[in-house]
Amino acid sequence: MTPVCPFVKASRPDDASSRKGGDNSNKPPAECPFAKAFRGDDNSSKKPGENSEKYQAENEVNKAKNESNTNPATISPRCPFGYDSETFKIGPLSCMICQALLFDTSKCVPCSHIFCKVCISRFKDCPLCGADIEKIEPDTELQKVVDRFIEGHARIKRSHVTSDKEEEVVSENKNVIYEDVSMERGAFLVSHAMRAFRAQNVESAKSRLSLCAEDIRGQIEKMGNTSELCSQLGAVLGMLGDCCRAMGDAASAVAYFQESVDFLMKLPMDDMEITHTLSVSLNKIGDLKYYDGDLQAARSYYSRSLDVRRDAIKHQSNVQSQTLDVAVSLAKVADVDRSLGDENVAIDGFQEAIQLLESLTLKPEEAALEKRRLSVLEFVNGQLGEKQPGSTT
């Protein structure tokens, strides 16, 4: 399950990052991030003086339009490597495969193109130039550069100037405000973690999320358990649990999910995002306990998640997705009850879930939610139709 960014500025989904490793079908030609790309409007191919007057005139018109559409009191942030809050581009410290910052940087031999070790290990030919990969060598020096870049990025905070000596004047009445060139550090780290996670570079995602969690813990030590910080840390810890789960480390996953629950339980339960994240973490612990064969523990966590979701409906009864979440939790609890031999209790739970699902009235624009409702309803009806071996009902 793809983790959800707990910060406002989340990265955009990338179709390229969802491809299977080594699958080059229908893949657009990639370009080396260190090479200067030739653009169609590159004037270097023109003869000296050719259309120079026309070009200068058009340039001046475009410049005037841009200036008229931009607030002259603000200078937009621009990271020289492309890692700013306004735009996204593949920078020289990025892996072209996962489109996140390099992790465990490795160099292809003989072509010398650079990728994350996990990403390039899936290929026999270089995805950039097509050369046969004879071997892969670590590039520790470039990785040190990436690590220093991560450490320093998003830490420069330029406050609004207040003194006459510090401010630059655009006009008589407007002061220049230099915006931060970077994304907020948490969003920066999470956005690259999500890119890496989608590309199945889980080690990279875990590394970035661990840095993010460390940052938030440091802020909590200074500012205390504020709702915003606890909410962010709870979400990031849940994402770390997803990483450990994807790596097959169930014990670490449970530990992260449990810590996520502990932080989120400190918050008021009137926020829909908080209650959803809390209930999901509880369910994921229940899933891990279920697959481990500890049915009593699984039922305990499923029941706690159900209680959280029932309470959430009391605060916001008009949110249809929460009603659907309650039905899912009812089905989970009922499924464990059946495995424990409580068939009558299980049937009651399945029937209550069906009643909730059939009572939902969704709008035409909620097609995705309707698809999920029908899927859950089909599953629950199938479970209700099954007859447990040894049951007389």
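The structure is a predicted model. The chain contains 12 helices and five strands. Of its 393 residues, 39% count as buried. When contacts between residues at least 6 apart in sequence are considered, 62% of them join residues at least 24 apart.

Strand E2 spans residues 105–109. Four of its five residues are buried, so E2 is largely enclosed by the rest of the structure. E2 pairs with two strands, E3 and E4. The pairing with E3 (residues 114–116) is antiparallel and runs over three bridges. Within it, Lys107 has Ile114 of E3 as its bridge partner. The pairing with E4 (residues 135–138) is likewise antiparallel, here over four bridges. In this case Cys108 is bridged to Ile136 of E4. As a general point, side chains in a regular strand alternate between the two faces of the sheet.

Thr105 belongs to strand E2. Its relative accessible area is 3%, and because buried means under 20%, Thr105 counts as buried. Apart from neighbours within four places in sequence, Thr105 is in contact with Ile114, Phe115, Glu137, Pro138, Asp139, Leu142 and Gln143. Of these contacts, Ile114 is also the bridge partner of Lys107. Asp104 is located in the loop between strand E1 (74–75) and E2. Although Asp104 is not a glycine, its phi is positive, at about 55°. Asp104 is partly exposed, with a relative accessible area of 38%, whereas Thr105 is buried.

The peptide bond leading from Val109 to Pro110 is cis, and its omega is near 15°.

In general, a pair of packed helices is described by the angle between the axes and the distance between them. Helix H6 (residues 227–246) packs with helix H8 (residues 272–291) at an angle of about 25°, and their axes are 10 Å apart. Because an angle under 35 degrees counts as roughly parallel, H6 is roughly parallel to H8. The crossing of these two helices is left-handed. From H6, the contact is made by Ser231, Ala235, Asp242 and Arg245; from H8, by Ile274, Thr277, Lys284, Asp287, Leu288 and Tyr291. By class, the residues of the contact of H6 with H8 comprise four nonpolar, two polar and four charged.

Helix H10 (residues 320–339) and helix H11 (residues 343–359) form the other packing, at an angle of about 165° and with their axes 8 Å apart. Because angles over 145 degrees count as roughly antiparallel, H10 is roughly antiparallel to H11. The crossing of H10 and H11 is left-handed. H10 contributes Thr323, Leu324, Val326, Ala327, Leu330, Ala331, Ala334, Asp335, Asp337 and Arg338 to the contact. H11 contributes Glu343, Val345, Ala346, Gly349, Phe350, Glu352, Ala353, Leu356 and Leu357. The contact of H10 with H11 has 12 nonpolar, two polar and five charged residues.

Gln200 is placed in the loop between helix H4 (185–198) and helix H5 (202–223). Its phi is near 65°, a positive value in a residue other than glycine. Gln200 is exposed, with a relative accessible area of 51%; the cut-off for this class is over 50%. Glu151 lies in helix H3 (residues 140–152). Glu151 has a relative accessible area of 45% and is therefore partly exposed. In sequence, Glu151 and Arg185 are 34 residues apart, and their C-alpha atoms are 9.6 Å apart in space.

How values were computed:
Residues numbered from 1 in each chain as written. Predicted model: local features only at pLDDT ≥ 70, side-chain atom pairs only at ≥ 80, totals over all residues. Heavy atoms only, no water. Buried < 20%, exposed > 50% of the residue type's maximum accessible area, 1.4 Å probe, protein only. Axes fitted to C-alpha atoms, helices over the stretch in contact; angles between N-to-C directions. Parallel < 35°, antiparallel > 145°, perpendicular 65-115°, else oblique. Left-handed = near helix turned anticlockwise from the far one by under 90°. Contact = heavy atoms within 4.5 Å. Nonpolar A, V, L, I, M, F, W, Y, C, P; charged D, E, K, R; others polar. Pairing = 2+ DSSP bridges.
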